[in-house]
Protein chains: 2
Amino acid sequence: MITSRGNSAVRGVIALNKKSKERDQKGLFVIEGIRMYREVPEGMLREVYISGRFKEKHPSFRPPAGVRFEVVADDVFETMSDTKTPQGIIAVVSKFLTGDGSVSDFLTGDTSLPGAEPPLIVALENLQDPGNLGTIFRSAEAAGVTGILMDAETCDVYNPKVVRATMGAIFRVPFIVTSDLKGAVEALQRQGTAVYAAHLKGSVPYTQPSYRKGTVFLIGNEGNGLTDEMAMQANMRIRIPMKGKVESLNASVAASVLLFEAMRQRN
Amino acid sequence: MITSRGNSAVRGVIALNKKSKERDQKGLFVIEGIRMYREVPEGMLREVYISGRFKEKHPSFRPPAGVRFEVVADDVFETMSDTKTPQGIIAVVSKFLTGDGSVSDFLTGDTSLPGAEPPLIVALENLQDPGNLGTIFRSAEAAGVTGILMDAETCDVYNPKVVRATMGAIFRVPFIVTSDLKGAVEALQRQGTAVYAAHLKGSVPYTQPSYRKGTVFLIGNEGNGLTDEMAMQANMRIRIPMKGKVESLNASVAASVLLFEAMRQRN
């Protein structure tokens with residue numbers, strides 16, 4: 001049983017939770033809770049820590065062989081956790097390979113086959129709120145997206161708050177982080193997908209275009225929206241009509257409203 | 001200039017931020033930031049506090065006459081703020097009267113007049129996350145709702161995190177907190193509005209019903225959904241179809257998808 005806050009494993013988990021640099025260097029990230037634990041794909045699990053209280057409740061719990069496994073005293077476990085009320089299980093998990101960042105990974109499905117759906121992609125520029133990013137993953141999986149494209153300025157997808165808000169979708173939705181979002185979007189356009197920028201000054205209500213063909217929705221930063229450069233790269237700037245004096249929608253709500261409109265049209 | 005953390009005004013703001021009981025007893029709540037400050041309806045402002053730094057940037061800033069106004073040393077101001085990076089202005093504001101909690105307040109508009117819209121209402125049962133509640137207010141205003149109905153178990157609408165997430169919609173969307181949500185929903189049904197429960201096991205896809213007539217969307221708790229009692233009270237249980245392995249959508253996303261579908265149909 002680990003009983004010291006100074007223990008190197010304890011400090012290692014805290015560093016992975018707090019620092020994206022640490023996650024980058026080690027190629028690892030942290031997940032919490034039993035439901036999330038069950039979602040971890042085979043072979044990606046590296047270390048598992050359970051609290052003394054969890055051990056009492058689930059005395060026969062064991063991770064797969066070859067995975068480091070430790071019981072941690074409750075008070076020390078609390079310092080390792082990113083949540084206020086820890087569920088008693090934390091795991092260190094390998095980041096997954098996301099290819100060479102090429103969007104062609106999203107387009108390998110042969111859409112000429114019967115039943116194959118044309119691509120539906122969310123592209124995010126400088127999205128900053130971890131809760132928003134995680135919620136977009138969750139909605140995107142539910143709407144059946146092909147994948148999520150993010151620029152390097154978007155908040156780290158392995159941030160513990162993002163991971164938690166995805167409710168497991170991080171393990172199931174293909175995603176790419178690219179340092180050249182414009183180039184990636186251009187590549188998608190060359191392959192015949194239409195790019196729609198969610199824009200407060202968009203000239204077309206979002207319910208007007210058909211999203212039955214290959215579709216990319218471009219979503220910008222929470223405070224500032226899309227850069228002009230990205231907005232102009234889109235084939236069309238669409239807006240979600242709003243009543244009242246609201247200036248904008250929450251970014252994850254806007255993305256979800258667009259994705260479910262695409263899903264509605266495709267069904 | 002207030003320079004002590006022990007100052008009674010400083011302690012008063014902190015107590016209002018932290019304790020819903022304090023907000024209830026005093027009939028006051030706290031808002032932060034210049035944009036929110038500008039949204040406060042006339043006559044509701046009670047106290048205004050600005051940081052030393054804010055004072056330097058805006059030396060001529062003054063609240064209306066009759067409102068308590070103090071400059072607070074930056075380090076003390078930080079302890080008063082509910083945010084990590086305070087914007088330098090905090091105000092104590094009167095809670096508004098929400099009538100006698102009767103839903104007839106939502107239905108006073110004469111919908112037989114040309115251009116008048118039938119009611120569109122969101123009813124929330126035991127919603128717990130402040131960010132979700134605030135985001136629902138923001139989406140609800142944008143979708144043109146008549147009002148928001150909440151049970152007493154739903155998180156306090158005057159919680160600073162809720163207030164912040166509304167982006168000002170708290171001042172513009174009519175709302176009622178009721179200890180008898182079922183009774184309120186029944187009253188709405190007697191007056192001819194149809195009640196749709198958002199339910200994972202709903203038999204009807206949400207895009208199927210017409211929401212052009214008076215509509216109530218019932219949204220339940222983040223983890224457990226609606227109670228059976230409330231779900232059965234609805235005229236119809238609708239579901240948002242989901243792909244992948246997602247178990248549910250974020251509650252504010254689900255509410256927003258339904259509200260914007262109603263808006264789409266009504267346009």
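**Entry 1: the sheet in chain B**

I started with strand E5 (residues 120–124) of chain B, which pairs with strand E6 (residues 147–151) of chain B in the parallel sense over four bridges. This is a predicted model, so I kept that in mind throughout. Looking for a specific partner, I found Ile121(B) bridged to Gly147(B) in E6(B).

Next I looked at what packs here. H6(B) lies across E5, E6 and E7 of chain B and runs at about 155° to E6(B). Helix H8 (residues 181–190) of chain B also packs on the sheet, where it touches E5, E6, E7, strand E8 (194–198) and strand E10 (215–219) of chain B. The direction of H8 makes about 145° with that of E6(B).

Then I traced the whole sheet. It is open, has seven strands in the order E7-E6-E5-E10-E8-E11-E9 (chain B), and its pairing is parallel. Which strands stand at the edges? I found E7 and strand E9 (204–205) of chain B there; each has a single partner strand, so one side of each is left without a neighbour in the sheet.

**Entry 2: the sheet in chain A**

I moved to chain A and found an open sheet of four strands, ordered E1-E4-E2-E3, with mixed pairing. Strand E1 (28–32) and strand E3 (68–72) of chain A are at the edges with a single partner strand each, so each has one side without a neighbour in the sheet. From one strand to the next, the twist averages 20°.

I followed E1(A) to its partner: E1(A) pairs with strand E4 (residues 89–94) of chain A in the antiparallel sense, over five bridges. Within this pairing, Glu32(A) stands opposite Ile90(A) in E4(A). Helix H1 (residues 8–18) of chain A packs on the sheet and touches E1, strand E2 (45–51), E3 and E4 of chain A. The direction of H1 makes about 95° with that of E1(A).

I stayed with H1(A) for a moment. Its buried residues include Ala9(A), Val10(A), Val13(A) and Leu16(A). What caps the N-terminal end of H1(A)? Asn7(A) does, with a side-chain oxygen 2.7 Å from the backbone nitrogen of Ala9(A).

**Entry 3: the core**

I checked the largest nonpolar core, which has 118 residues; Ile31(A), Ile148(A), Ile31(B) and Ile148(B) touch the most other members. I listed the contacts of Ile148(A), leaving out residues up to four places away in sequence, and among them are Phe106(A), Val122(A), Phe137(A), Val173(A) and Phe175(A).

**Entry 4: salt bridges**

I counted 30 salt bridges over all chains. In one of them, Asp24(A) meets Lys95(A), with the closest N and O atoms 2.8 Å apart. Asp24(A) lies in helix H2 (residues 20–26) of chain A and Lys95(A) in the loop between E4 and strand E5 (120–124) of chain A, so the pair ties together parts that are 71 residues apart in sequence.

Asp82(B) is partly exposed at 23% relative accessible area, and Lys161(B) is partly exposed at 39%.

I also noted Arg172(B) with Glu141(B), 2.7 Å from N to O. Finally, I found one network in which salt bridges that share partners join Glu261(A), Arg264(A), Glu261(B) and Arg264(B).

Terms used. Residues numbered from 1 in each chain as written. Chains lettered and ligands numbered in written order. Predicted model: local features only at pLDDT ≥ 70, side-chain atom pairs only at ≥ 80, totals over all residues. Heavy atoms only, no water. Pairing = 2+ DSSP bridges. Helix = DSSP H or I, 4+ residues; strand = E, 2+ residues; numbered from the N terminus. Axes fitted to C-alpha atoms, helices over the stretch in contact; angles between N-to-C directions. Contact = heavy atoms within 4.5 Å. Core = buried A, V, L, I, M, F, W, Y, C linked by side-chain atoms within 4.5 Å. Buried < 20%, exposed > 50% of the residue type's maximum accessible area, 1.4 Å probe, protein only. Polar contact = N/O pair within 3.5 Å; in protein donor to acceptor, adjacent residues only side chain to side chain. Salt bridge = Lys/Arg side-chain N within 4 Å of Asp/Glu carboxyl O.
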